[in-house]
Each structure stands twice: as structure tokens, then as C-alpha cells.
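Have the viewer open and follow along.

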Amino acid sequence: MALILRNGEVITASDRYKADVRIEGGKITQIGLSLPVGEGDESYDCAGRWIVPGGIDVHTHLDMPFMGTTSSDDFYTGTRAASAGGTTSIIDFVIPRRGQSLLEAYDDWRRRADGKAVFDYAFHMAVTWFDTAEVRSEFSRCIDSGMTSFKTFMAYKGALGIDDDELFKVMSAAKDHGAMVTVHAENGDAVNNLIARHLGQKKTDPIWHARSRPPEVEGEATWRAITLARFNGQPLYVVHLTCRDALERVREARARGQVVYAETCPQYLVFDESVYERPDFDGAKWVMSPPIRPKGHPDALWDGIAEGLIQTIATDHCPFFFKGQKEVGRDNFSKIPNGAPGIQDRMSVMYHYGVRSGKLTPHQWVDVCCTQPARIFGLFPQKGTVAVGTDADVVVFDPGHEFIFRAADSQHRCDYNLYEGMSGSGRCELVLSRGRVLWEKGEFKGNSGMGDYLARSIAKDQQAAV
Ligand code: URP
Ligand code: ZN
Ligand code: ZN
């Protein structure tokens, strides 16, 4: 039995055309005009709708222990929420404790995700310590287990962060395997010193979170990571890039032929630093690292996307309840758990504030939300586009629908929404994961455990500039 999406407009990173799409056995089997609907087949009318690839969010933190608490969405609630917003694959992070075996942490994360995720998921392996003999020997087993990208933190010194010596060695080991290194680029020592200075001056409100992590600490660390990657002849992927300082470093590196990819997140495109000065500790909702930037930086990021300096949009979804979790830092900004919800909102924020406001074409929207994430991280062409032979991870998208973001309407397991009261547009009317319906007209039809673990292989694009 097949499902035929009829009379839609297929939009990919490169093409736009009217067509029907036939789905059978979890795959797209035919695309064409007026496809026959056989006996026993189902059809879905897509007139006036776009048929786009399911989104791929390559930066999420579900069920993640962090800063003395745990992110509030698990792999069921988080993927369910993501799919409501048109995302049908994620790459989350395995985060070993310092000194813990990477493979042991991987087994832990598989236990967190298996049987829960409603769509397919993969992992990056975070390297939070580097002992040459032990950790290096685990790299090839990580790759054999499908984790072909390694995440490093230059911030969070004393917890997840590593130093330059360790970062250099991670890059060198990754290079031996052709694997990708991704980096959270902030100068962790400078940040820790600024935090101590501000707290010493009794500056405890959320705005001091941002002032302890100014754009310069991100720009400096970005350039340092780029330089170390260059010494190793190693491509680099910079996660959640937020500011002009870091973007300019990426521009310089690419201009001299280095393979550097950059990701940003919707929240860095639509907010400015003034969110931290909202009354009643409300600014804590935006406490994340790096922080939301002063006016001017978001425009630079939009330009960076349009110029192709930024290839991907991810969410860094890491939700904490305001009540009971964020509140812990009422008297000390450094105790506010870093992170915010957004996994459901990525495609619609980028559509409304990008496509509808004329900053992005529909093709660029698909490219940064679906296609480039798949290409860079070894999921393409199985995921990330609409073509014959690919997984039927497909969204029927109503581009004319308008709405207001509200926590009350959101699927996140969280008591606030970053975009509360703001306008949005676009509706994911039908969401398919390998041909199976997850959402239809606002109704969830999926189940926990429908998703499979995606063992990734080394991506061709990892070694080549886009
Ligand atoms: O504040 C953030 N971004 N929390 C999640 C961990 C990280 O740095 O990505
Ligand atoms: Zn980070
Ligand atoms: Zn993150």
C-alpha cells in the first residue's frame, strides 16, 4: 500500500516544482505529475501546500545532566515536540563525565533514547577529557558505532571543557579517521574570571551572564580553534556561532581555503541582549551559552547565512523549567542552568523571520534546516531532501498559516516559550517519518520508540568546502 501526496509543490534546496510524491515501504518511490492512485493506496491532497524534507536538527540536548540538574525534555517528549515543528531527525550529544569511557557513555545515551524517540536519531560524541592511550583507542570504536563527529567544549572549564592541549590532540586523532570535530568556542578561562569578578562586585542578575561572556571571548576562541584545526589539516564545525567577531574569523579562514562550517540558532537571529533586562528574573529564560548578543550581531548573522558563511541552523535545545530549575540562580546568574527550549520552533521561526521577511529564499530555508545538516554530518541523501530513493521523512507545509507562539500551545516539556507572544507562520500539516504519520492536522499519531538509531558514516562533505 502506498501513500500518494497529490498536487503539492515540492521545494528542495535547489528545485521548486508541482508534483505528486509516492511513498512506499518508508521511501519515496516516485515523483511526477498525476501519479495513479491504485486500489488500497491512500492519497493526501496537498493543493496550496509545499512538500519539503523533514528538518534535521544537529544540535540538541535531550535528557542531559548539566549544571546539577537535567534538561527537561527526554527523547520521547523532545522528539515529539520537534516533529510537531517539522523536524524528523536529530543529532544529540553523548556527554561522558571526565574520566568516563566514551563507549560506556554511548551505551548510557542509547538507553536514554532507544525505545523513546519518535523519529530517527544520531549522536555526536563529546570529548570531555583526553588521555592519549585510553580515549584515542576509543575513537575508532566510536566511529564504528556511527558517531563520526566529536564535540569539544572550550568553555565550561572544570566541567565539560578541555584545554588547548587536549583540543589539539582530539583534532589530530579525528584527522586520522577522517572524522569531524565540532567546537563550542568561548574562552573558558576568561569567562570564569569575568564571572568571579562580577559576582565579587555583587552583580548577580541575568544580564551579568551576558557581560561575563562578551563577543570577544567567542571571537578569540573561534580563531584559536580554527588555528589548531589548520595545524592539523582538519575541517572544523563551529556550533552555535552568535556574533560578528566569530563570523569574521570564519570568513577569514574560508578565504584562505580552510574548511570551516558554522551553525547558528534561531534565538541568536531574533533576539538581542535586552532580553536579559526583563523584569522579575524573566531574563533567566534566555540564559544560555554563548549568550544572546547586543543589537547589530543578529543582522550580521542573517547576512552570514545569505552569504553561505553559516551553513546550518540548529536549536541547541536544552530546556529547563523556569520554576524549580532556572530559579536556582535567582541570587547568582552563574547558577542558572544554561540552555533554553526551541526544538519545535526552529523551522517556523526561520520560515517567518527568514523567508516571509525576505531574508531567505524558500530554497535557502530548506538548505540550512534540512539539506546542509544532512550533508555535513553524513546523512545525505538518505535524509535532507525530497528525491526518489530517499527516506520518506517529509513535511506537508502550509506556508499561509499564521499564529502566535505560546507555551500553552507548545509541545516542549517546559513552562515557557522563548518566542511567547511573537508572530509566526507556516504550519506542518502532515509530518512523516519514513512514511509513517507523526502529525496530521495538529493531531499526534506517532508512538514512542518509532525512531531508529542512525549509525552515520564519514561524510564526503566533511573533507570538502561547500
Ligand atoms: O547554554 C547552552 N548552550 N546549553 C547547552 C550546552 C551547550 O553549551 O551547548
Ligand atoms: Zn555549547
Ligand atoms: Zn549545545
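Are His 59 and Asp 316 buried or exposed? His 59 is buried, and Asp 316 is buried too, where buried means under 20% relative accessible area, exposed over 50% and partly exposed in between, with a 1.4 Å probe and protein chains only. Before going on, some housekeeping: this is a predicted model, with local features needing pLDDT of at least 70, side-chain atom pairs counting only at pLDDT 80 or more, and totals for chains, interfaces and linings using all residues. Residues are numbered from 1 along each chain as its sequence is written, chains are lettered from A and ligands numbered from 1 in the order in which they are written, and side-chain values use heavy atoms, leaving out hydrogens and water.

Now the metal. The zinc ion (ligand 3) takes His 59 (NE2), His 61 (NE2) and Asp 316 (OD) as its protein donors, at 1.9 to 2.1 Å; donors are N, O and S atoms within 2.8 Å of the metal (3.2 Å for Na, K and Ca), and since water is not among the atoms, sites may look incomplete. Along the chain, the donors of this zinc ion (ligand 3) are spaced H-x1-H-x254-D. Another zinc ion (ligand 2) sits 3.7 Å from the zinc ion (ligand 3). His 59 belongs to strand β6 and Asp 316 to the loop between β15 and α11 (346-355), so the pair ties together parts that are 257 residues apart in sequence. Helices (H or I, at least four residues) and strands (E, at least two) are DSSP runs, numbered from the N terminus.

Next, zoom out to the sheet. It is open, with 8 strands in the order β6-β9-β10-β11-β12-β13-β14-β15 and parallel pairing; two strands pair if DSSP finds at least two bridges between them. β6 (55-60) and β15 (312-313) are at the edges with a single partner strand each, so one side of each has no neighbour in the sheet.

Finally, look at β10 (residues 120-126), where 7 of its 7 residues are buried. In a regular strand, side chains alternate between the two faces of the sheet. Here Asp 120, Ala 122, His 124 and Ala 126 point one way, while Tyr 121, Phe 123 and Met 125 point the other. Strand β9 (residues 87-94) runs parallel to β10, joined by 6 bridges; Ile 90 stands opposite Tyr 121, and Val 94 has Met 125 as its bridge partner. On the other pairing, β10 meets β11 (residues 149-153) in the parallel sense over 2 bridges, with Ala 126 opposite Lys 151.
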